[in-house]
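This briefing is meant for a reader who is new to the structure shown below. Please look over the sequence and the model before turning to the points that follow.

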Amino acid sequence: MTSARDGSSLSATLEDEASPGNAGIHGHGRLLGIDLARGIALLAMAVYHGAWDASHLGLTSVDVVNDPGWRLFARAIAASFLLLVGFSLVLAHGSRIRWQAFLRRLAVIVAAAAAITIVTFFAFPQSYIFFGILHCIALSSLLALPFLRLPPAVAAAAGIAVVAAPGLVASPLFDLPALAFVGLGTQVPVSNDYVPLFPWFGPVLLGMAAGRLAVDRNLTAWLQTSRTPGLAGRLIAWTGRHSLAFYLVHQPVLFGLMFLAAHALGITRQPSVAAGFVPQCRASCEQTGVAAAACKRYCTCADAAIRQERIDLADASADTRGRVTAIVNRCRTGARQ
């Protein structure tokens, strides 16, 4: 799911598109099953981010970014969110596309994605989030619309093809900065959360296929319930209904709490900007399907060169970005030989 903190994160639909009252598929009332699924995924995301913060601040010796178990956990969370995006699109627009609601939701996601890009550009100038999971959800939602009218088998086949594409197709054309979001380049950009269209549009299409099958075969009854859930269920469902707000707020709160805990325990180790380069680089690299060993070689090589040339990664100037890009590309080429 992703590279660093935000990689594993994201609310699936970011608005209540899966409400049957809105969708016109199931009559009136809420789909509690969707709220609960989304809420559980959000809580899992918070667990990952809390672990990332603890690792970053020195509260634990576990390297959460590169630990295989934690990385699998993060990717599973990301995949679950994107599957829910596709499933919810079918529930919301199964009979007709509700353009006003769709465009309103899209505008909110785009605005949130733009805000994340701006904030991370100033906080992490050499690894800012230019196409993270929110960006992917926004573009995927648009590209998925034609599949609403196609058989589920078509969406499923397309989804599998999108997931497989990065390992089968690569072209230097997609290395251009303007096309880096596609995910089919031969070079992997350094970013705290890089969720390119390929392969991550695939789970959205697979979710749409599952949603269409569920609707066409009247299998959505399990998403509804007339029973009032317990306190824990209500809290999880509430979280799922307010997914975007939870996503935007939870990480500053978690990081603040972890920071206070580290301060109270006398842990003052603060990784420098350069210290975070290798895990961010490796996470972005491996997410696009490159072998872990190759990613480790070229990211370690780039880190050594950056330190040797005493490049300040906090410098956001075009000259510094160009030097870092040249180093990364040089090391990547060497790692493949």
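The protein chain holds 12 helices and zero strands, where helices (H or I, at least four residues) and strands (E, at least two) are DSSP runs numbered from the N terminus. The model is predicted, so local features need pLDDT of at least 70 and side-chain atom pairs count only at pLDDT 80 or more, while totals for chains, interfaces and linings use all residues. Residues are numbered from 1 along each chain as its sequence is written, and side-chain values use heavy atoms, with hydrogens and water left out.

**The chain as a whole**

- From the N terminus on, the order of elements is α-α-α-α-α-α-α-α-α-α-α-α.
- Of the 337 residues in the protein chain, 50% are buried; buried means under 20% relative accessible area, exposed over 50%, and partly exposed in between (1.4 Å probe, protein chains only).
- The accessible surface of the protein chain is about 15000 Å², and carbon and sulfur atoms contribute 67% of that surface; such areas come from the Shrake-Rupley method with a 1.4 Å probe, and for residues only the protein chains shown count as cover.
- Among contacts with a separation of 6 or more, 77% join residues 24 or more positions apart, contact being defined as heavy atoms within 4.5 Å.

**Helix α8**

- Helix α8 spans residues 231-241, and Gly233, Ala237, Thr239 and Gly240 are buried in it.
- Seen down the axis of α8, these buried residues fall within an arc of 155°, so they line one face of the helix; the arc is that of the directions from the helix axis to the C-beta atoms.
- Leu231 and Leu235 are exposed on the other side of α8.
- The cover over the buried residues of α8 includes α2 (32-56) and α9 (243-264).

**Threonine 239**

- Threonine 239 belongs to helix α8 and is buried, with a relative accessible area of 8%.
- A polar atom of the threonine 239 side chain lies 3.0 Å from the backbone oxygen of leucine 235.
- Apart from neighbours within four places in sequence, threonine 239 is in contact with Leu42 and Phe246.

**Alanine 79**

- Alanine 79 sits in helix α3, which covers residues 68-93.
- Not counting residues up to four places away in sequence, alanine 79 touches Trp200 and Pro203.
- Between alanine 79 and proline 203 the separation is 124 residues in sequence, yet 6.2 Å in space, C-alpha to C-alpha.

Definitions and conventions. A polar contact is a pair of N or O atoms within 3.5 Å; within protein, one must be able to donate a hydrogen and the other to accept it, and residues adjacent in sequence count only if both atoms are side-chain atoms.
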